Amino acid sequence: MENKENIGSNPPVENIDKTDFSQAGGIWKGIKDFISELLDIRDDTDRESTVEAIKKDISFKGHNAWILIFSIFVASIGLNVSSTAVVIGAMLISPLMGPIVGIGLSVAINDVDTLRKSFINLGVMVGLSVLTAYTYFLISPVKEETPELIARTYPTILDVLVAIFGGLALIVAKTKRGTIASVIFGVAIATALMPPLCTVGYGLAIGKWSYAGGALYLFSINAVFIALSTFVVSKLLGFPLVRYANSKRRKRIAQLASIIAIIVMIPSVILFVNLLNKQVYESKAREFLSEVVRYSGAESVKSNQDYAKKRLEVYLIGVPVPEPTLASWREQLAENEVLKDSKLIVHQGVSTSGDMASISSQVKSGILEDLYVKNQEVLENKDAKIQLLENELMKYKSSGFSFKDISEEIKVNYNKVESLSYANTISTNFSKIDTIPTFNVSWKKNTSKSEQRTELVKIQKWLGLRLKLDTVLVRTYN
């Protein structure tokens, strides 16, 4: 008998095996294939053309040399006037990447000849760049330390990251069929190889070796990580190794390339870690000083962090911070994982004025800085000011004559005199005290003793008449 109750209704649902993941597997496979296709660059990589193009860019002579010289001049001018736009323009026309990328590629494919050529051209490039920048800053009338120059005197972790990712973008762009020129230009700007070399020349020109060393350090970091990125990408894309007829030579070249790669990679990793640790330390130190080192009625005027000495210093003004609060700050410092080995030094300046607490931090900082600068100037120039006042006092004595006029007249009338000094001599015979105007004369070396005595008598008589003094003393002090 037919079941009429099911007529016109949905067909019975079949039992589905809940352990069948074929549909889900298909979805994940589709996502995987999509991501693989999205990120895969092997199929679109032109290895032979890339190697040929990189080798062609290594050579550094003729047109490239002149382009470099002119671009260095442009960059130096931009740094000199602190013009970011001019510096960027110089980086766009500068052919600096070729030898650096050549080093990374030649190590990856075991090409010793290309490696040697790359190192030679890199040395020529650096030497020519520094010499050009040195010449410019040597003859330039403007030698002010602009922000653009100061920014290139020491590397940070950001410089390392830019060099790494910029180098990766550069070599990936070069390996694509039909090189992406915009990427190459962008990397030239981001990695900023030229400004550090210009800053090296600036440091040498003004005699600041720390600037030159720091800028060369920054350039070296950029160059190393660009070369390292080229090496890594070339290996991952499977660039063919250079073939040598002699198997022993091939093996020796491969070993040499591996050693060079290790020599470059290990210091690079250490450098990256050190810069990262320093950056993290300074960031945590600033955070600690701003959030923890706070006390009602006291204001922080200045603070600094010394990563090498593991020391935090803060200068406070206002209400004195009690010792228990200082101890609490140091305990919190010891509990900080990054700063636990550091020492907190608090310098306190006490203000007796109740109004000081209501003055804004910015105004107080400005006042203190002005006072500090003025006090420094007073301390540094006090000897010069005292000497100036003494000289002015000697010019205009209460006796009514000018020492300056007297000295000029003696110089004209008595050519044997080398120098002259004046002072009032206070003497006593124990019954009365006299003040005697006294002139001390030194003679030129070729003046005999008899000439000195004769001239001394003449000067004494002349001074008595000239100054209208009954008593005046002139004596030799050499």
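Which strands does helix α16 (residues 449-467) lie across, and at about what angle does α16 run to β6? I opened the predicted model with this in mind. Helix α16 lies across β4, β5 and β6, and its direction is at about 155° to β6.

**Entry 1. Overall counts**

I listed the elements before going further. The protein has 16 helices and six strands. Of its 478 residues, 34% count as buried. I then looked at contacts between residues at least 6 apart in sequence, and 72% of these join residues at least 24 apart.

**Entry 2. The sheet under α16**

I went back to the strands that α16 lies across. The three strands form an open sheet with mixed pairing, in the order β4-β5-β6. I noted β4 (417-428) and β6 (473-476) as the edge strands, each pairing on one side only. Direction ignored, neighbouring strands of this sheet are turned by 30° against each other on average.

I followed the pairing of β4 with β5 (residues 433-443) and found it antiparallel, over eleven bridges.

Helix α15 (residues 403-413) lies across β4 and β5 and runs at about 130° to β4.

How do α15 and α16 pack, and how far apart are their axes? The angle is about 140° and the axes are 12 Å apart. The two helices are therefore oblique to each other. I recorded their crossing as right-handed. On the α15 side the contact is made by Asp405, Ile406, Glu409, Ile410 and Asn413, and on the α16 side by Ile459, Trp462, Leu463, Arg466 and Leu467.

**Entry 3. Val417**

I picked Val417, which is found in strand β4. Is Val417 buried or exposed? Val417 has a relative accessible area of 13%, under the 20% limit, and so counts as buried. Leaving aside neighbours within four places in sequence, I found Val417 in contact with Ile410, Val441, Ser442, Trp443, Lys444 and Ile459. Two of these partners, Ile410 and Ile459, also take part in the contact of α15 with α16. I also looked at Leu456, which is 39 residues from Val417 along the chain; their C-alpha atoms are separated by 9.7 Å.

**Entry 4. The β1-β2 hairpin**

I moved to strand β1 (residues 298-306) and strand β2 (residues 311-318). They run antiparallel and are joined by eight bridges. Gln305 stands opposite Leu312 in β2. The hairpin has four residues between the strands.

Which residue of this hairpin takes a positive phi? Lys310 does, with phi near 55°, and I flagged it as a residue other than glycine. Lys310 lies in the loop between β1 and β2. Its relative accessible area is 27%, which lies between the 20% and 50% limits, so Lys310 is partly exposed.

**Entry 5. Two further helix pairs**

I looked at helix α2 (residues 47-58) and helix α8 (residues 157-175). They pack at an angle of about 120°, with their axes 9 Å apart. α2 and α8 are therefore oblique to each other. Thr50, Ile54 and Asp57 of α2 make the contact with Ile171, Lys174 and Thr175 of α8.

I then took helix α3 (residues 63-80) and helix α10 (residues 194-206). Their packing angle is about 75° and their axes are 9 Å apart. An angle from 65 to 115 degrees counts as roughly perpendicular, so α3 is roughly perpendicular to α10. The contact is made by Ser71, Ile72, Ala75, Ser76 and Leu79 of α3, and by Met194, Pro195, Cys198 and Thr199 of α10.

Not counting residues up to four places away in sequence, Met125 touches Phe60, Leu68, Leu96, Pro99 and Phe219.

Conventions. Residues are numbered from 1 along each chain as its sequence is written. This is a predicted model: local features need pLDDT of at least 70, side-chain atom pairs count only at pLDDT 80 or more; totals for chains, interfaces and linings use all residues. Side-chain values use heavy atoms; hydrogens and water are left out. Contact means heavy atoms within 4.5 Å. Two strands pair if DSSP finds at least two bridges between them. Axes are lines fitted to C-alpha atoms, for helices over the stretch in contact, and angles run from 0 to 180 degrees between N-to-C directions. Angles under 35 degrees count as roughly parallel, over 145 as roughly antiparallel, 65 to 115 as roughly perpendicular and the rest as oblique. A crossing is left-handed if the near helix is turned anticlockwise from the far one by less than a right angle, and right-handed if clockwise. Buried means under 20% relative accessible area, exposed over 50%, partly exposed in between (1.4 Å probe, protein chains only).
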